[in-house]
Amino acid sequence: MPQPFQFGQTIAHYAIRAYQLSLSALIGAHCRHLPTCSSYMDEAIIRHGVWAGGFMGLARLCRCQPWGTAGYDPVPQSLPPGAHWLRPWSYGRWRGPLP
């Protein structure tokens, strides 16, 4: 039987994949970053879990706009210093230039 966190990751992965195959395919690729925002969120959730990875992906979506950042932006290997589950906004980089 899968663990609860693995079940959440699996559900999130299939939801992202469904988006990639349906809505994203209809709209077209307009992401300003590499990897794309949906791939970034999928990898962040796999690497850091649904809670932390989900907020990292949400922060990335907020940066992906005409006045936001652009370019190569990989998922961090480790959680940011000072990140805590009670402060979920601390997981993501919400604005600013890419490192």
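The model is predicted. The protein has four helices and two strands, arranged along the sequence as α-α-β-α-α-β. No disulfides turn up in a search of the whole structure.

**Overall make-up**
- The protein has 99 residues, 30% of which count as buried.
- Its accessible surface is about 6600 Å², and carbon and sulfur atoms contribute 67% of that area.
- Among contacts in the protein with a separation of 6 or more, 69% are between residues 24 or more positions apart.

**Cysteines**
- For the sulfur of Cys31, the closest cysteine sulfur is that of Cys37, at 3.2 Å.
- Because a disulfide requires cysteine sulfur atoms within 2.5 Å, the 3.2 Å between Cys31 and Cys37 is too far for a bond.
- Cys37 is likewise in no disulfide, and its nearest cysteine sulfur is that of Cys31.
- Cys31 has 28% relative accessibility and so counts as partly exposed.
- Cys37 has 11% relative accessibility and therefore counts as buried.

**Gly49**
- Gly49 sits in the loop that separates α3 (37-48) from α4 (50-63).
- With a relative accessibility of 16%, Gly49 counts as buried, because the cut-off is under 20%.
- Leaving aside residues up to four places away in sequence, Gly49 is in contact with Gln9, Ala44 and Gly54.
- Gln9 is 40 residues from Gly49 along the chain, yet the C-alpha atoms of the two are separated by 6.7 Å.

Conventions
Residues are numbered from 1 along each chain as its sequence is written. This is a predicted model: local features need pLDDT of at least 70, side-chain atom pairs count only at pLDDT 80 or more; totals for chains, interfaces and linings use all residues. Side-chain values use heavy atoms; hydrogens and water are left out. Buried means under 20% relative accessible area, exposed over 50%, partly exposed in between (1.4 Å probe, protein chains only). Contact means heavy atoms within 4.5 Å. Accessible areas come from the Shrake-Rupley method with a 1.4 Å probe; for residues, only the protein chains shown count as cover.
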